[in-house]
Amino acid sequence: MSEITLVAMPKWGLSMEEGKVNCWLKQVGDAIAKGEEIIEVESEKIAGAVEAAVGGVMRRHVAQADDVVPVGALLGVIAAAEVPDAEIDAVVAQAQANFVPPSAADEETGPSPQKAAIGARSVRYLKQGDGGVPAILVHGFGGDLNNWLFNHEALAGSRAVYAIDLPGHGESTKDVGDGSLDTLADVLLGFMDHAGIERASLIGHSMGAAVAMAAALKAPDRVASLTLIGAAGLGETINTDYINGFVSAPNRNAIKPQLMMLFGDPTLVNRQLVEDIMKYKRLEGVDTALRTLAGALFVAGRQTTSLRDRVAALGKPTLVIWGEADQIIPAAHASALGDKAQVEVIAGKGHMVQMEAANEVNQLINRFLG
Amino acid sequence: MARKITYQQAINEALSQEMTRDPSVIVMGEDNHGGEGSPGEQDAWGGVLGVTKGLYHKFPGRVIDTPISESAFIGAAIGAATNGLRPVAELMFVDFMGVCFDQIFNQAAKFRYMFGGKAETPVVIRTMYGAGFRAAAQHSQCLYSLFTHIPGLKVVMPATPYDAKGMLIQAIRDNDPVIFCEHKMLYTLEGEVPEESYTVPFGEANVVREGDDVTVVTLGRMVHFSDQAAQAMQKKGVHVEVIDLRTTSPLDEATILESVARTGRLVVVDESNPRCSIAGDIAGIVAQKAFGDLKAPIEQVTAPHAPVPFSGALEDLYIPSVASIEGAISRVVEYRK
């Protein structure tokens, strides 16, 4: 029997139970190369594209635009042009007959976040995958481990990948101490001790990239490589209007324009994303944490700390990824490490490039980590 | 935020966290510890439906059972609030509020105003409202519009466990009297609630669902009915925006008007009787301030102007249904395509 590949609704993040079809990017009859984006779907958090796992021809659209279907449900079929229609119809019918929507019980058996005691702090983390040189994902200012929802699983195919909530963020303790990179880096290294990780590939976004660099400078032997995405700590410039607007926004209407600055395509900021950020900002201690961090790290349009020269001198294998349309930290910083780093600038994407260009970023990181 | 708890547990947790944080917070009402600690009484009620269960042992002396006299203990709570405590008084059913209107309407609501801003009354009155519990005419009303009418009171009605916890903490920390309305049919509703403390500000409506065709403004239990109706209409290609007011005083007019400016069509869904109601109030505001935006007459979906029936069959017909909300949405869409 010829190869028939089913395209199913992906699961992005722990809470996703169903997704909406926004539009098909490939029409029935179109030829598809492996890795091409074929359909745009939307979870309640964010929209994104599903890429083809194989090359072939788009043979069926089972779900149509605006349909809302459970995770794992059949969206469409890719197969070679010579596969007979009857064969495809049979596979579709069988897939639909056998499909069992994920239940709440299944959710609980999937990976779920844990808490680690690091000194007096509690740090939430989520582990996926096993073995290899472990990687640790470190989010940016005001983010949490869900910032990696499009990346975490894709990177965990051949290694253990941990995503953590930094102090002051997500469900970790809100005490950020003096708010310095050193304090945050100590927590990151403390987490590695807790998880029994001797040496890790650190993958940081924005402020998290600066934390990863600070950890590498403190404990060079424990860091295998650095992946720095839209990184802080590589130069002076930063959009402190964004930082201050994010910190001070008291409600949904005030935060939304701030969040729109994070993306090359501002329409990605939907109701749920805004609501999740406001829920985070309302937690006791978050306001103080954010103000402390902003006061220590980002003042009057400038970053207080540049780690550029010291990191360049460290000589760790380094991958730098930037969205060309980044409105928070300019993409010009991508070349800060000169020829000491592999530099990838992605056109049209903003600060949250790991979400906006997830497939491309995942491929770059997987290739870099080997 | 994976942890899910019920609306009732969320309220209990808010009380517990605020009592831990602030020793001036006390809880009082009928059967709030249900005789726990008295000879022969081992199993505390924790209020009529058990919302305050467990607090008595955690906070000895700060959970007070009162006589069955609403006028007395609501007055006592208001007096205590003016003297430095932050009482959370539980008045079982909002239907019984009539006997303490003077204490609430004429005293608590007026102190700040009449004493030149020098007096504060940080009291919270928690109360149950709403039909569907087979509790008949005297235990099923939605009287929130009465409180909304009185300047000086804040009126809050969370629709979800998340809002219940955050808004009760906000209410306890607020320096003005707050009427905190809990729908008895929502107590068992589960939802994601952070373990940490947080506040949800008053006067900020929640956009439960975004849409550009019709605006549905609603509150309390009707938020869930309206969202189901909106989901059904989505399948017919009608995109409904659902706005949960969360507080009727203060009122988030801006969110309503901004939405109607986009959709041009308004349905207000309110479980209470229709005369002098929140539904009528919202319709009036929109008719006055957004007349030019409207493409169709405003629809109001409410209970009829009648007491809540004793018969279960009639009670089910009395409460606005998902189908009646869908009908109203269809009418404003069909009015002028």
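The points below take up the domain interface and then one arginine.

1. First, a reminder that this is a predicted model. Chain A is divided into domain 1, residues 4–106, and domain 2, residues 112–369. Taken over C-alpha atoms, the centres of domain 1 and domain 2 of chain A are 31 Å apart.

2. How do the two domains meet? On the domain 1 side of chain A, 13 residues are in contact with 14 residues of domain 2. The area buried between domain 1 and domain 2 of chain A is about 1200 Å², with carbon and sulfur atoms giving 56% of it.

3. On the domain 1 side, strands S4 (37–42) and S5 (47–51) of chain A each give two or more residues; S5(A) gives the most, with 3 residues. That side divides into 5 nonpolar, 2 polar and 6 charged residues.

4. Now to A:Arg159, found in the loop between helix H3 (152–155) and strand S12 (161–164) of chain A. Is A:Arg159 buried or exposed? Its relative accessible area is 4%, which is under 20%, so A:Arg159 counts as buried.

5. The surroundings of A:Arg159 are worth a look. A:Val133 is 26 residues away in sequence, yet 6.2 Å away in space, C-alpha to C-alpha. Beyond its neighbours within four places in sequence, A:Arg159 has contacts including A:Asp130, A:Ala135 and A:Leu369.

6. Finally, the polar partners. The side chains of A:Arg159 and A:Asn366 are joined by a polar contact of 3.1 Å. A polar atom of the A:Arg159 side chain also lies 3.3 Å from the backbone oxygen of A:Gly370.

How values were computed:
Residues are numbered from 1 along each chain as its sequence is written. Chains are lettered from A and ligands numbered from 1 in the order in which they are written. This is a predicted model: local features need pLDDT of at least 70, side-chain atom pairs count only at pLDDT 80 or more; totals for chains, interfaces and linings use all residues. Side-chain values use heavy atoms; hydrogens and water are left out. Domain bounds come from an automatic or database domain assignment. Contact means heavy atoms within 4.5 Å. Buried area is the accessible area (1.4 Å probe) that two parts lose on being put together, summed over both. Helices (H or I, at least four residues) and strands (E, at least two) are DSSP runs, numbered from the N terminus. Ala, Val, Leu, Ile, Met, Phe, Trp, Tyr, Cys and Pro count as nonpolar, Asp, Glu, Lys and Arg as charged, and the others, Gly among them, as polar. Buried means under 20% relative accessible area, exposed over 50%, partly exposed in between (1.4 Å probe, protein chains only). A polar contact is a pair of N or O atoms within 3.5 Å; within protein, one must be able to donate a hydrogen and the other to accept it, and residues adjacent in sequence count only if both atoms are side-chain atoms.
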